[in-house]
Amino acid sequence: MPDAPHAGFMRAALDLARRGAEAGEVPVGALVVLAGEVVGAGFNEPIGSHDPTAHAEIVAIRAAAAKVGNYRLTGATLYVTVEPCLMCVGAMIHARIGTLVYGAAEPKSGAVGSAFAAHELPGLNHAFDEVVPGVLEDDCRAVIQAFFQEKRKKM
């Protein structure tokens, strides 16, 4: 069962996603874990921060790099509730993330297999050790779907 070793951290990422929704952001949450310790966490913040790069993954990576004191997060695991986009995969490659664990697939722009596989492009100087898709997938999908259903009601 792929969820078992990752469920606790993904639940924490889901809590962050819900915090993002409460702030009016698209509810995606992310954690960076190194040696079993959360070293970075974040949720989507592009609207509130006026920063188009403030995706949950980027926010978590920035926090982790600051805490560790190095932009290279070799051996870290990044947990995110929704399959990352192209920008976030690029940031993970540059940060040398070891393992990527995500919840819900993103069919339109998911860059780890749904729309394309950015992490497998030739010429990259780093590759993930492992990609674990679909952890708490139903829960992750439910959070983002509920957010957009509520948005549509208000239109």
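Select His6 in this predicted model and display its surroundings: leaving aside neighbours within four places in sequence, His6 is in contact with Tyr79, Val101, Val132 and Val135. His6 belongs to the segment that comes before α1 (7-22), and with a relative accessible area of 13% the residue is buried.

Next, select helix α3, residues 56-68, and follow its axis. This helix has 13 residues and reaches 18 Å from its first C-alpha to its last, which is close to the 18 Å expected at 1.5 Å a residue. Colour the buried positions of α3, which are Ala56, Glu57, Ile58, Val59, Ala60, Ile61, Ala64 and Ala65. In an α-helix there are 3.6 residues a turn, so residues three or four places apart point the same way. Then step past the end of the helix to Gly69, which follows α3 and has a positive phi, near 80°.

Finally, turn to the cysteines. How many disulfides does the structure hold? The structure holds zero disulfides, and Cys88 is accordingly in none, although the sulfur of Cys85, the nearest cysteine sulfur to that of Cys88, is 3.8 Å away. A disulfide requires the two sulfur atoms to be within 2.5 Å. Cys88 is buried, with a relative accessible area of 0%.

Conventions:
Residues numbered from 1 in each chain as written. Predicted model: local features only at pLDDT ≥ 70, side-chain atom pairs only at ≥ 80, totals over all residues. Heavy atoms only, no water. Helix = DSSP H or I, 4+ residues; strand = E, 2+ residues; numbered from the N terminus. Buried < 20%, exposed > 50% of the residue type's maximum accessible area, 1.4 Å probe, protein only. Contact = heavy atoms within 4.5 Å. Expected span 1.5 Å × (residues − 1).
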